[in-house]
Amino acid sequence: MQKILDTCDERMKKCVSSLSGEYQNLRTGRANTALFDKIKVDYYGAETPLNQVASLSVPEARLVVIQPWDKSLLPLIEKAIQKSELGLNPNNDGKLIRVNFPALTEERRKELVKMSKQMAEQSKVAIRNVRRDAMEELKKSQKNSEISEDEQKEGENKVQKLTDAAIAEVAKLAEAKEKEIMEI
């Protein structure tokens, strides 16, 4: 029974951490280097993550500065940012790239909040699916006489507690993201 509970807990934590990662890539009005984590640059024929060919910093609330270690990469980095779905316009001055984050409109903020709520709901569904799988495993174990009926009920209660905790964590993350998006 403990193995089932451990697996369930681990899978639920993965759902929560996955949502957290998705939220880092959701653009708000504030500059954040995590937005550039998925951008890859063609570095001598190999697709290399941007943070491995340049240093990224946030000197101001709405500005990210990208300084490549190899100046010949400037146009490639600029092109990679423009191709990305971030909707950002990089400024190349020959030494480094500055990326300004324009203030979000009220309409865009509401769209982002809606997207963040959808992401949270998808995570909750995934957590409930993990709960369902764990409950089925417990029933199967009880049917196969591996655990008693009392142990099955106790296991189901523990799975429900894990589910409640994971969903509460998702709700907390969603609320914090919504607050971050809506602040001006």
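How much space lies in the largest pocket? About 390 Å³. The model is predicted.

**The pocket**

The lining of the largest pocket counts 16 residues. Asn25, Leu35, Lys38, Glu85 and Leu86 lie nearest the pocket's centre. By class, the lining has eight nonpolar, two polar and six charged residues. Which element gives the most to this lining? Helix 3, residues 106–143, does, with four residues.

**Helix packing**

Two packed helices are described by the angle between their axes and by the distance between the axes. Helix 3 packs with helix 4, residues 149–182. Helix 3 also packs with helix 1, residues 2–24. The values are set out here.

| Helix pair | Angle | Distance between axes |
|---|---|---|
| Helix 3 and helix 4 | about 170 degrees | 10 Å |
| Helix 1 and helix 3 | about 170 degrees | 10 Å |

How do helix 1 and helix 3 run, roughly parallel or roughly antiparallel? An angle over 145 degrees counts as roughly antiparallel. The angle of helix 1 to helix 3 is about 170 degrees, so helix 1 is roughly antiparallel to helix 3. The contact of helix 1 with helix 3 has 14 nonpolar, three polar and six charged residues.

Helix 3 and helix 4 pack at about 170 degrees, and are therefore roughly antiparallel to each other. Their contact has 14 nonpolar, seven polar and eleven charged residues.

Four of them form an open sheet, in the order 3-4-6-5. The pairing is antiparallel. Which strands stand at the edges? Strand 3 (54–60) and strand 5 (90–92) do. Each has a single partner strand, so one side of each is left without a neighbour in the sheet. From one strand to the next, the twist averages 25 degrees.

Strand 5 is joined to strand 6, residues 97–100, by three bridges. These two strands run antiparallel.

Which strands does helix 2 lie across? Helix 2, residues 74–83, lies across strand 3, strand 4 (63–68), strand 5 and strand 6. Helix 2 runs at about 165 degrees to strand 5.

Definitions and conventions: Residues numbered from 1 in each chain as written. Predicted model: local features only at pLDDT ≥ 70, side-chain atom pairs only at ≥ 80, totals over all residues. Heavy atoms only, no water. 1 Å grid on protein atoms, 1.4 Å probe; cavity = no way out; pocket = protein on both sides within 12 Å on 5 of 7 lines; lining within 4 Å. Points joined across faces, edges and corners; volume = space filled by probe spheres on them. Nonpolar A, V, L, I, M, F, W, Y, C, P; charged D, E, K, R; others polar. Axes fitted to C-alpha atoms, helices over the stretch in contact; angles between N-to-C directions. Parallel < 35°, antiparallel > 145°, perpendicular 65-115°, else oblique. Pairing = 2+ DSSP bridges. Contact = heavy atoms within 4.5 Å.
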